Amino acid sequence: MQDSLNLNPDDEINLRELFITLWAYKLFVASTCALGIVFGGFYALNATKEFSSAAIFKLDQAKSGGISLGGQLGALANIAGFGGGSVATILATDMVKGRIFIEKLDTRLNFQTDPYFNTHNPNSVDPIWKSFIKSVIGWQKSSTDVQEAIWQGIAKTYSKNIALDEKKDGTVKVVVTHVNALRAAEIANAVMDEIIFITKNKKNREQDQQLSYLSNTLAKALSDLEVSQSHLKTFALENSALPLESFAAGSLQLDALREQLSRTSELHDAVAELSSMLQKKTTEQQNYLLLRQKFPIVDQVEFRRVLGQNEIISSWSWPDTNAVAAVFDTLSERKNRLQSQINASQIDAERSGRALATYAKLEREAKVAEATYTVLIEQVKAQSMIAGYRPDKTEVYEYASPS
C-alpha cells in the first residue's frame, strides 16, 4: 500500500533535458515567433479600423391622459373611458432600425454618399471561377433595381452597426460603429435627435387627436342634451308637467269608486234577497234572522236608511214590496253607473301610467345626457389646458463624441 503511493521517478520533469531540447530547435522556435510578430504587425497596420460612439438620453416615458376629476365626475369619467392614464412612448427597436426611419435619417446624413454604408458597385465583375460556375449551371443574372439594391445594402449595414439599448429606468443608449470616428458620432447624435423628435411629435399628435375626439363627443353630447330637454318640454305641453301627481290622483279616485261599487253591490244583493222573501211571503222572524246571518249589512244604518226603516237595530218591520222593488232598481242603476265610472277611471289611470313611464324615460335620458355633457366639458377643459402647456421632460445625458 505504501509502495503504491510513491511517485514514479519517470513522471518527474527534467528541466535540463527541456532546455537542451529547446536549444536544439532554437532556429525553428525563433522563426516561428518572428513570423507571428510579422503577421500580427501587418494585420494591425492594414486591418480596417472601426470606431464606436454612443449617445445617452432619457425620454419622457409617460403621457398624461388628462387632469383627474374628483368625486362623481371622476367616477363617471373612468367608467366612460375618459380618465387619466399613462402610456409608454419609447420607440420600439424594430422601428428605429426600420426602412422608414433610415430614409428619414438619410435627408440629414446622406447615407448614399457614405461608402461605408453604400457598398453597391454597379460595375462589379464576378471572379473567373464564379463566372465559370454560373455558365456551367446556366444561371442568368436577373435585372435589378439599382436604387433598391443600394437601399437594401444601406439598411443591412445600418442594422449591423446601430445598437439601441433601453434600460428599465427609461435611459436609452445609441451606439454607432463606423470607420470614421467623426461620422460615427454624427450618426449617433442624429439617431438620438430623430428618436426624440418622433416621440415628441407622436405624443403631441395623440394629444391633439384626443382633444379633437373629446370636442366632437362633447358636441354630440350637447346635441343629445338639447334633444332630450326638447322632448321633455314637448311632453309637458302635450300632457302634463306633473304626471306622477296625475297618476296618483287617478289611482285614488279609482280606489274610491271601487269601494263605492263594493258597498253598493252588498246593498244590491241584500235588497235582492229581501225582495225575493217578500215575493215568496216568507216574512217570519226566522227568515229575518237568516237574512241577517247571510247579509250582515241588513243591521247597518245605511241599509235601513235606504229602505226607510227604523234605524234602531232591535226594531224590524218588513218593508213594502213596491218600496223594495224601487230601491232595488235604484241600486241596480247606481251599480251600473259606478261600473261605468270605474271603467272610465281605469282607462284614465292606464293613460296616466303610460304617460308617467314616458316621462320617467325622458327624464332619465335627460339626466344621463346632462351627466355625460358635464363630464365631457370638464375633460375638454383639462385637455385644452394640457394642449396649451406641453412640458418636455426629455433629458440628454451625453452627446456622442468621436472615439
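The legends below describe several close-up views of a predicted model of one protein.

**View 1. The whole protein, given as an orientation for the views that follow.**
In this predicted model, the protein contains 13 helices and four strands. Of its 403 residues, 29% are buried. When contacts with a separation of 6 or more are considered, 81% of them are between residues 24 or more positions apart.

**View 2. The packing of helix α6 against helix α9.**
Helix α6 covers residues 99-109 and helix α9 covers residues 181-238, and the two pack with their axes 10 Å apart at an angle of about 125 degrees. That angle makes α6 oblique to α9, and the crossing in which α6 passes α9 is right-handed. On the α6 side the contact is formed by F101, K104, L105, R108 and L109, while α9 brings R183, E186, I187, A190, V191, D193, E194, I195 and I198. Sorted by class, the residues of the contact between α6 and α9 are eight nonpolar and six charged, with no polar ones.

**View 3. The packing of helix α6 against helix α8.**
The axes of α6 and α8 lie 11 Å apart, and the angle at which these two helices pack is about 100 degrees. An angle from 65 to 115 degrees counts as roughly perpendicular, and α6 and α8 are therefore roughly perpendicular to each other. From α6, the residues R99, F101, I102, E103, L105 and D106 meet E148, W151, I154, A155 and Y158 from α8. The contact of α6 with α8 has seven nonpolar residues and four charged ones, and no polar residue is part of it.

Leaving out residues up to four places away in sequence, L105 touches N110, F111, Y158, A190, V191 and E194. One of these contacts, the one with E194, joins parts of the chain that are 89 residues apart in sequence, although the C-alpha atoms of L105 and E194 are 7.4 Å apart in space.

N110 is found in the loop between α6 and α7, the latter being the helix of residues 128-137. The phi angle of N110 is near 55 degrees, which is a positive value in a residue other than glycine. With a relative accessible area of 34%, N110 is partly exposed.

**View 4. The nonpolar cores of the protein.**
The largest nonpolar core consists of 32 residues, and F111, Y158, V191 and I195 are the ones with the most contacts inside it. At least two residues of this core are supplied by each of β1 (51-58), α6, α8 (146-161), β2 (162-166), β3 (171-178) and α9. Which element gives the largest share of this core? The largest share comes from α9, with ten residues. A second, separate core has 17 residues, including Y288, L291, V298 and W316.

**View 5. The packing of helix α10 against helix α11.**
Helix α10 (residues 243-280) and helix α11 (residues 285-294) have axes that come within 11 Å and that cross at roughly 165 degrees. An angle over 145 degrees counts as roughly antiparallel, and α10 and α11 are therefore roughly antiparallel to each other. Their crossing is right-handed. A270, E273, L274 and M277 of α10 make the contact with N287, L291 and K294 of α11. In the contact of α10 with α11, four residues are nonpolar, one is polar and two are charged.

H268 is found in helix α10, and with a relative accessibility of 13%, H268 counts as buried. Apart from its neighbours within four places in sequence, H268 is in contact with F328, L331, S332 and K335. E350 lies in helix α13, which runs over residues 321-388, and at 41% relative accessibility E350 counts as partly exposed. E350 and F247 are 103 residues apart along the chain, and their C-alpha atoms are separated by 8.4 Å.

Technical notes. Residues are numbered from 1 along each chain as its sequence is written. This is a predicted model: local features need pLDDT of at least 70, side-chain atom pairs count only at pLDDT 80 or more; totals for chains, interfaces and linings use all residues. Side-chain values use heavy atoms; hydrogens and water are left out. Axes are lines fitted to C-alpha atoms, for helices over the stretch in contact, and angles run from 0 to 180 degrees between N-to-C directions. Angles under 35 degrees count as roughly parallel, over 145 as roughly antiparallel, 65 to 115 as roughly perpendicular and the rest as oblique. A crossing is left-handed if the near helix is turned anticlockwise from the far one by less than a right angle, and right-handed if clockwise. Contact means heavy atoms within 4.5 Å. Ala, Val, Leu, Ile, Met, Phe, Trp, Tyr, Cys and Pro count as nonpolar, Asp, Glu, Lys and Arg as charged, and the others, Gly among them, as polar. A nonpolar core is a set of buried Ala, Val, Leu, Ile, Met, Phe, Trp, Tyr and Cys residues joined through side-chain atoms within 4.5 Å. Buried means under 20% relative accessible area, exposed over 50%, partly exposed in between (1.4 Å probe, protein chains only).
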